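Visitor: I've just opened this model and I'd like to learn how to read it. Could you take me through some features step by step?

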Amino acid sequence: MRYPPMGEEGQRRLSQSRALICGCGALGSVIANTLARSGVGSLRIVDRDFLETNNLQRQVLFDEQDVADGLPKAIAAANKLKKINSQIAVEPIVTDVDFKNIGDLVADVDVIVDGTDNFETRMLVNDIALERGLPWVYGGCLGAEGQTMTIVPGETACLRCLMRETPPPGTTPTCDTAGILAPIINVIASFQANEAMKILSGNRDAISRVLTVIDMWDNRVRQVSLESLRSAGDCPACNRSEFPWLSGARASHSAILCGRNAVQLSPPAGASLSFSELAAKLASVGQVKQNKYLLRATIEGYVLTIFPDGRAIIGGTDDTAVARGVYSKYVGT
Ligand SMILES: [Zn+2]
């Protein structure tokens, strides 16, 4: 409140606003932590993954006990955020964001902040943001480099102004090949949280209108104007309202998880599983553990993590076909 551009009015607006944090790993941890402490009134946190020890190097909301408890990241994040600020509402949702559920996820929010690790989800977020006229803040990190931009539909360039398509698989470095150093995460996520606070407090005139790229190892900061991309007027999303990720035309039913040697498989629509039946079945072939959020079975070197809606993360392979084979062999088609 004492910072003049924010003031009492800005703080009051923050307390009445709602943010969707899409993905709560490394970037999402820092974003959620900052927005919660800053008093943003309502945080909806959606994440598809569960915690592993190697996440702790950079995912600052979590600790060893969360890993030992086998918690999904969204649940562990909400538990921690409620201890940090009991006066805000935190709503954790454990799911994969896709074209079927994104409309509900953004239904009543004022901003979307990107904590995902993949361009397919970002393109989907870009589509819904432009369709609904919702601002969103992109961020991504790899190695010691990160980038961020703020998208206000109708005012700034969007992600598709910058790139028409998601990079083809195998053409870009990943967390597996390049790793990620922790400091760049904190820098990029802090930029993102700061931009979200400007938007939510009614200070849109202060947002960044450039793409910012920072390399923490080589000590380089670049800022690239996107005005010419926007004024070119040929973006399929901005200019022709074409939203192929939102229509489902680009939806995929599997995803290789960055840095995890694991593949996520989406369930058939409307699937729902009985954990107790499945646990009994799998206990005859491997080791089974479960809590109320997920069931985990270790079988023949693979670790199957299965969620109540039938979604699964198959650890021990980054080959989609192998993962599908393991799923259909032990869970069913
Ligand atoms: Zn655009």
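This is a predicted model: local features need pLDDT of at least 70, side-chain atom pairs count only at pLDDT 80 or more; totals for chains, interfaces and linings use all residues.

Visitor: Which residues of helix 14 are buried?

Guide: A residue is called buried if its relative accessible area is under 20%. In helix 14, residues 320-330, those are A323, V326, Y327 and Y330. They sit on the same side of helix 14, because the arc they cover around the axis is only 100 degrees. On the other side, A321 and K329 are exposed.

Visitor: And what covers the buried residues of helix 14?

Guide: The cover includes helix 13 (275-283), along with strand 10 (262-265), strand 12 (295-299), strand 13 (302-306) and strand 14 (312-315).

Visitor: How many bridges pair strand 9 with strand 10?

Guide: Four, in the antiparallel sense. As an example, A255 has Q264 in strand 10 as its bridge partner.

Visitor: What about the open sheet of eight strands: what is its order?

Guide: That one goes 3-2-1-4-5-6-7-8, and its pairing is mixed. Here the edges are strand 3 (89-94) and strand 8 (220-225); each has a single partner strand, so one side of each lacks a neighbour in the sheet. The twist in this case averages 15 degrees from one strand to the next. Strand 7 (residues 210-215) runs antiparallel to strand 8, and six bridges join them.

Visitor: Which helices lie across strand 2?

Guide: Helix 2 (residues 26-37) is one of them, lying also across strand 1, strand 4 and strand 5, at about 165 degrees to strand 1. Helix 4 (residues 73-84) lies across strand 2 and strand 3, at about 170 degrees to strand 3.

Visitor: Last stop, the metal. Which residues are the protein donors of the zinc ion?

Guide: C158, C161, C235 and C238, each through its SG atom, 2.3 Å from the zinc ion. Their spacing in sequence is C-x2-C-x73-C-x2-C.

Visitor: Why is the arrangement called tetrahedral?

Guide: Check the angles: four donors count as tetrahedral if all angles lie between 85 and 135 degrees. The donor atoms around the zinc ion subtend 104 to 118 degrees, so the arrangement is tetrahedral.

Conventions. Residues are numbered from 1 along each chain as its sequence is written. Side-chain values use heavy atoms; hydrogens and water are left out. Donors are N, O and S atoms within 2.8 Å of the metal (3.2 Å for Na, K and Ca); water is not among the atoms, so sites may look incomplete. Four donors count as tetrahedral if all angles lie between 85 and 135 degrees; four count as square planar and six as octahedral if opposite donors are over 155 degrees apart and all others between 65 and 115; anything else is irregular. Two strands pair if DSSP finds at least two bridges between them. Helices (H or I, at least four residues) and strands (E, at least two) are DSSP runs, numbered from the N terminus. Axes are lines fitted to C-alpha atoms, for helices over the stretch in contact, and angles run from 0 to 180 degrees between N-to-C directions. Contact means heavy atoms within 4.5 Å. Buried means under 20% relative accessible area, exposed over 50%, partly exposed in between (1.4 Å probe, protein chains only). The arc is that of the directions from the helix axis to the C-beta atoms.
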